[in-house]
Amino acid sequence: MIRPVGGSRRGRGLAQWFRELPPTTRAYVVCCTAMTLLCGLELVSPYSVVLVRPALTQLQLWRLLTNLLWLGPLNLGTLLHFVLLITYSSKMEVWMASTAPVPDRAASQFPYFMAVSMALLNVGAESTSRSSRFSSGTCSALGWELGCCFRSPL
């Protein structure tokens, strides 16, 4: 069963807190952390992971996923993105599992929601890539706004 994140932090270690994260949130946070650190430590160029039209015409399909995993340069803003990602993603995953019409399928609702949201963000990023007003960060913010529509008071 998926449990809410929170409660008393006294006596808990970082490993215990991490194990208490819902499974999809935990996997996404690990992938985002890995991609952000790889780009932040300059082991991978951020320009090789962002979604741009010429890269898609050259069939660099990994960019459809990696552009959603890189949260930005290593700074305070990125740390805030991680805090918000963990907070809202875990709450939404717990909420979706608790309101599932069929309890056996509760664990599959949130990964499906994430996959559909990521696909829509890629379509939105590609359609707005001709405009300089939108960046991948803006598309990420739009994705979180989409996710917040499903929030419930916990």
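## Asn67 and its contacts

Leaving aside residues up to four places away in sequence, Asn67 touches Val49, Val50, Leu51 and Asn122 (contact means heavy atoms within 4.5 Å). Asn67 sits in the loop between α4 (63-66) and α5; helices here are DSSP runs of H or I with at least four residues, numbered from the N terminus. Asn67 counts as buried because its relative accessibility is 9% (buried is under 20% relative accessible area, exposed over 50% and partly exposed in between, with a 1.4 Å probe and protein chains only).

A word on the model: it is predicted, with local features needing pLDDT of at least 70 and side-chain atom pairs counting only at pLDDT 80 or more, while totals for chains, interfaces and linings use all residues. Residues are numbered from 1 along each chain as its sequence is written, and side-chain values use heavy atoms, without hydrogens and water.

## Helix α5

Helix α5 covers residues 76-98, 23 residues in all, and its first and last C-alpha atoms are 33 Å apart, close to the 33 Å expected at 1.5 Å a residue (the expected span is 1.5 Å times one less than the number of residues). Its buried residues include Phe82, Leu85, Ile86 and Met92.

## The loop between α2 and α3

Glu42 lies in the loop between α2 and α3. Its phi is positive, about 60°, although Glu42 is not a glycine. Glu42 counts as exposed because its relative accessibility is 70%.

Leu43 is also found in the loop between α2 (23-40) and α3 (53-57), and Leu43 is exposed, at 63% relative accessible area.

Note on methods
Helix = DSSP H or I, 4+ residues; strand = E, 2+ residues; numbered from the N terminus.
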